[in-house]
Amino acid sequence: MQSVVFPNKVLPYLLLAPQIVLTVVFFFWPASQALYQSVLREDPFGLKSGFVGLANFRAILANPDYLHSLQVTVVFSLATALLSMALALLLATSADRVVRGRNVYRTLLIWPYAVAPAVAGMLWLFMFNPAMGTFAYILRRNGFVWDPLLNGNQAMWLVIVAAAWKQISYNFLFFVAGLQAIPKSLIEAASIDGARGTKRFWTIVFPLLAPTTFFLLVVNTVYAFFDTFGIIHAVTGGGPAKATETLVYKVYNDGFVNLDLGSSAAQSVILMIIVVALTAFQFRFVEKRVHYS
Amino acid sequence: MAEITLKDVRKSYGTVEAIKGVSLDIDDGEFVVLVGPSGCGKSTLLRMIAGLEGITGGDILIGGRQVNDVEPAERDIAMVFQNYALYPHMTVRQNLAYGLKNRKTPSAEIDRRIAAAAKTLEIEPYLDRKPRQLSGGQRQRVAMGRAIVRQPAAFLFDEPLSNLDAKLRGQMRIEIKRLQRSLGTTSVYVTHDQMEAMTLADRLVVVSAGRIEQVGTPLELYEKPATTFVATFIGSPSMNLLHGRDASAGWSLAPDVARPNGDFTLGVRPEDLSPILANGPAPAFEATVRVDGIELVGAESLLHGRLENGSELIFRVSGRARNAIGDAVKVGASADALHMFDANGHRFG
């Protein structure tokens, strides 16, 4: 790295100021507030709060509701990540084979990413709403008892599909780029070596996509953990009977609906630790292990 | 082991015809080099034999079997790519084994073939390394190994040495030739480097603009180029060409030298020209060159100059040049060193 010396002492800081302000206001300040709140307990009327040490954390980790929420989150995140990545990979490999009009396909496939989470949630809610949804109607017509408002598993499927659908575009973009980065001669060498179709995909293409796949796995897990609040809020509201209440949704529910600020803050601190761990995992492990050249 | 036959092979991209009807017979065990400038279609031709490009006309036969619509894997060929195309996620051993495993070769046989190939190519110490841990030359050997273990009917080489430095390129050239001889496998080799082509080939195929210009042994092509294109492409520095209508403008030809009627082009190689001694016999070809550049290339010197009419002429002298820039030098060549081409650029006589 070449070190550059700015003759002006003030300008560099001015240039960095917008980013610094944003980070401080929207990250450091709320994060410090969460840390502070997580060791306090409010009285029932919100008049005063007292220091309780790690009592909030002990309470959360001993609470079956929290552990249930953790389990819901893991199931939801893994299912969302795997479903969206699998579909994106399928679409990307298909789009890679298309010769005529490939740019049109690609552009169309990228559109869902531009849809806001809450709107994406509403779309799926309307389609599968037991009372008025077209698909709900079709499912029932075919003898399938469809009622995500009562059946927790069905509600889970609905939010998973909605969350995965929105993420497919993003994964698709990365997979297409990953596929394009594989030298054509490798594919040709494999075809001369007698590997065709699925065999070639699993022995050559997929291993070479590993860096992309690992990167996306982390990104999608983070997405499913933290960015799906809008979808869950719009589609199920965490229900029925907390069947789709993920950790982030529980932070919101406990803090802003039930006004248990101490517990909510402690939960968000745990989430913060999870993000840090995931990011560290990506940098330490993924970046080192799965790159080839 | 097999012969390869191309019969009027064509390839069009839309309305553009890239390969304009190529016919070629390659004998069993022969080392044929396709050579030509970039974009002439030589790589396309090779890829068509491999089955990586479809053909739009004609027939390709490998070992007497028509393979026009046969998958690359079913053609019983192995290819060495310019960038080696080694599978980066596999070890060298796995790279070599991949093609055999796909063909359901018994694992004892795979081990035996890998051991033999590794010994021949001296890559035994690297068998358990990944390609990224190898140098360019080692990767090149592994790529060769991947072709050898398959024991195919033919090897196809697509400019395999162009990513190596000059010294290594020279070494690998000799090794490839030796290997091909000992295995006796039919080989087709593509290069744009005429030096590489000359040293490797049993037979050379000069390709230009999607057509074959000439086929022959390196010596035939050097001594009797069929067209002006081949004449200038084979040999370095390339052959001097002078237009017949300019005769007397700085050069002359003895009257008894056979020449085509009408317009013609005269070719003479720089190495066939030499300064004329004042009292020596009069040569068939004579020219007076004003020297404007001297290159000392080791054991010999190349003198660049211009004739009175502005035509460029290069000639070669051994050792250091005794002339200086600006000197007018009289050079000559004997009748058997002259190449005559008619107005269409085809060889005469």
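This is a predicted model: local features need pLDDT of at least 70, side-chain atom pairs count only at pLDDT 80 or more; totals for chains, interfaces and linings use all residues.
Let's start with chain A. Its secondary structure comes to 13 helices and two strands. The C-alpha trace spans about 75 × 75 × 30 Å along its principal axes. Of the 293 residues in this chain, 42% are buried.

Now go to helix 1 of chain A, residues 11-37. A:L22 sits in that helix. With 46% relative accessibility, A:L22 counts as partly exposed. A:L22 also belongs to a nonpolar patch on the surface. Other members include A:L16, A:I20, A:F26, A:F27, A:F28 and A:W29. Together the patch residues have about 1000 Å² of accessible area.

Next stop, helix 3. Here we find A:L83. Its relative accessible area is 27%, so A:L83 is partly exposed. Compare its position with that of A:I110.

Follow the chain to A:V98. That residue is in the loop between helix 3 (64-97) and helix 4 (102-110) of chain A. A:V98 is partly exposed, at 22% relative accessible area.

One more helix in chain A: helix 10, residues 210-226. It has 17 residues. From first C-alpha to last, helix 10 reaches 24 Å, close to the 24 Å expected at 1.5 Å a residue. Why is helix 10 described as largely enclosed by the rest of the structure? Because 12 of its 17 residues are buried. Among them are A:P211, A:L216, A:V218, A:V219, A:Y223 and A:F225. The buried set also includes A:T212, A:T213, A:N220 and A:T221.

On to salt bridges. Side chains of opposite charge can pair when their charged atoms come close. How many salt bridges does a search of the whole structure find? The count over all chains is 20.

Take one that links the two chains. A:R196 forms a salt bridge with B:E74, and the closest N and O atoms are 3.0 Å apart. This pair crosses between chains. On the A side, A:R196 is in the loop between helix 8 (184-192) and helix 9 (197-208). On the B side, B:E74 is in the loop between strand 5 (65-66) and strand 6 (77-80). Is A:R196 buried or partly exposed? At 43% relative accessibility, A:R196 counts as partly exposed. B:E74 counts as partly exposed too, at 41%.

Now a pair within chain B. B:E53 forms a salt bridge with B:K11, with the closest N and O atoms 3.7 Å apart. B:E53 lies in the loop between helix 1 (42-50) and strand 4 (57-62), and B:K11 lies in strand 1, so the pair ties together parts that are 42 residues apart in sequence. Both residues of this pair are buried.

Another pair in chain B: B:E30 and B:R203. Their side chains meet in a salt bridge at 2.5 Å, N to O. B:E30 is in the loop between strand 2 (16-26) and strand 3 (31-35), while B:R203 is in strand 9, so this pair ties together parts 173 residues apart in sequence. B:E30 counts as buried, at 10% relative accessibility. Salt bridges can also share partners. In that way A:K184, A:E188, B:K11, B:R47 and B:E53 are joined into one network.

Stay with charge, but move to the surface of chain B. Which residues gather in a patch of negative charge there? They are B:E3, B:D25, B:D27 and B:D28. B:E3 is in the segment before strand 1 (4-13) of chain B. At 35% relative accessibility, B:E3 counts as partly exposed.

Last topic: the backbone of chain B. Most residues other than glycine have a negative phi, and most peptide bonds are trans. Here are some exceptions. B:Q151 is not a glycine, yet has a positive phi of about 45 degrees. B:Q151 lies in the loop between helix 4 (136-149) and strand 7 (154-158). B:A209 has a positive phi as well, near 50 degrees. Its place is the loop between strand 9 (203-208) and strand 10 (211-216). B:A209 is partly exposed, at 43%.

Finally, a peptide bond. From B:S236 to B:P237 the bond is cis, with omega near -5 degrees. B:P237 is in the loop between helix 8 (228-233) and strand 11 (240-243) of chain B.

Note on methods:
Residues are numbered from 1 along each chain as its sequence is written. Chains are lettered from A and ligands numbered from 1 in the order in which they are written. Side-chain values use heavy atoms; hydrogens and water are left out. Patches are made of residues with over 30% relative accessible area and no salt bridge: like charges are joined within 9 Å, nonpolar side chains (Val, Leu, Ile, Met, Phe, Trp, Tyr) within 5 Å. Accessible areas come from the Shrake-Rupley method with a 1.4 Å probe; for residues, only the protein chains shown count as cover. A salt bridge is a side-chain nitrogen of Lys or Arg within 4 Å of a carboxyl oxygen of Asp or Glu. Lys and Arg count as positive and Asp and Glu as negative; His and the chain ends are not counted. The place of a charge is taken as NZ of Lys, CZ of Arg, CG of Asp or CD of Glu. Helices (H or I, at least four residues) and strands (E, at least two) are DSSP runs, numbered from the N terminus. Buried means under 20% relative accessible area, exposed over 50%, partly exposed in between (1.4 Å probe, protein chains only). The expected span of a helix is 1.5 Å times one less than its number of residues.
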